[in-house]
Amino acid sequence: MHVTIKPSERIIAPDPETATFKSVAVELKGRLMCSDFSEYKCVAVAMSPIVVDFRCAARPRAGERIVAYIDHIGRIEGRVAQTTVDGFSININATDRKRQKLSAQLEWFSKRNEVGVSDHRRHERIIPRSPNAEIKLPDGDTYPCRIVDLSMSGAALELEVRPKVGTQVVLGSMRARVVRQFEDGIAIEFATIQPPESLETYI
């Protein structure tokens, strides 16, 4: 919950034309450094290519420069926009190219949230470097799909068809069943836990 701060303590918001990026709820651990070089553990709890909200013990001043390293995101920097009860938010300083990259990364996290993936999953999921794949249905038909994320126990896929929950499918050489449908595709669970080498094609 954000606390009320005085107008003088708030820095100017980014350009409205770039502020159309959507904020995504996340739970990404990291570390950050304040302008006095003190370091703190932190958790990014909401993020867009413009603003990131941190849960953190640090209490920096409005306008103070922050450099953070966030799991799965990398290095970001910016200046404190406002303080909160348990942390603060910063306006991200980045090039247009960097913002577009952040937008793509956050879109993946949005998909993960949509299929109900949480930090308490049985196996850590990764965003594949080679997301294009094919899925085979019981009738033998194959369809192109895009892997949103995957782990040793399952995957989230974007594809045009929507096989029913419980349908047996094959992703590459890995047998699986559909466990959930979402707006753009499905989530599958592999029949057996896959060894890391089985995922090398995609990572």
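Burial, cysteines and a barrel in a predicted model

Me: Why is E77 called buried in this predicted model?
Reply: The relative accessible area of E77 is 17%. Buried means under 20%, so E77 is called buried.

Me: Where does E77 lie, and what is E77 in contact with, leaving aside its neighbours within four places in sequence?
Reply: E77 lies in strand β5, residues 74-83. Apart from those neighbours, E77 is in contact with R65, I66, V67, I90, N91, I92 and N93.

Me: What makes the pair of E77 and R65 a polar contact?
Reply: The side chains of E77 and R65 are joined at 3.2 Å. The limit for such a pair of N or O atoms is within 3.5 Å, so the pair counts as a polar contact.

Me: How do you know that C42 is in no disulfide?
Reply: The count of disulfides comes to zero. For C42, the nearest cysteine sulfur is that of C56, 5.5 Å away.

Me: Are C42 and C56 buried or exposed?
Reply: C42 has a relative accessible area of 4% and C56 has 7%. With the cut-off at under 20%, C42 is therefore buried, and so is C56.

Me: Why do β9 and β12 count as paired strands?
Reply: Strand β9 (residues 154-158) and strand β12 (residues 185-190) share five bridges in the antiparallel sense. Pairing requires at least two bridges, so β9 and β12 pair. The bridge partner of G154 in β12 is E189.

Me: Which strands make up the closed barrel?
Reply: Its six strands run β7-β8-β9-β12-β11-β10, with antiparallel pairing. Neighbouring strands of this sheet are turned by 45 degrees against each other on average, direction ignored.

Terms used. Residues are numbered from 1 along each chain as its sequence is written. This is a predicted model: local features need pLDDT of at least 70, side-chain atom pairs count only at pLDDT 80 or more; totals for chains, interfaces and linings use all residues. Side-chain values use heavy atoms; hydrogens and water are left out. Helices (H or I, at least four residues) and strands (E, at least two) are DSSP runs, numbered from the N terminus. Axes are lines fitted to C-alpha atoms, for helices over the stretch in contact, and angles run from 0 to 180 degrees between N-to-C directions. Buried means under 20% relative accessible area, exposed over 50%, partly exposed in between (1.4 Å probe, protein chains only). A polar contact is a pair of N or O atoms within 3.5 Å; within protein, one must be able to donate a hydrogen and the other to accept it, and residues adjacent in sequence count only if both atoms are side-chain atoms. Contact means heavy atoms within 4.5 Å. A disulfide is a pair of cysteine sulfur atoms within 2.5 Å.
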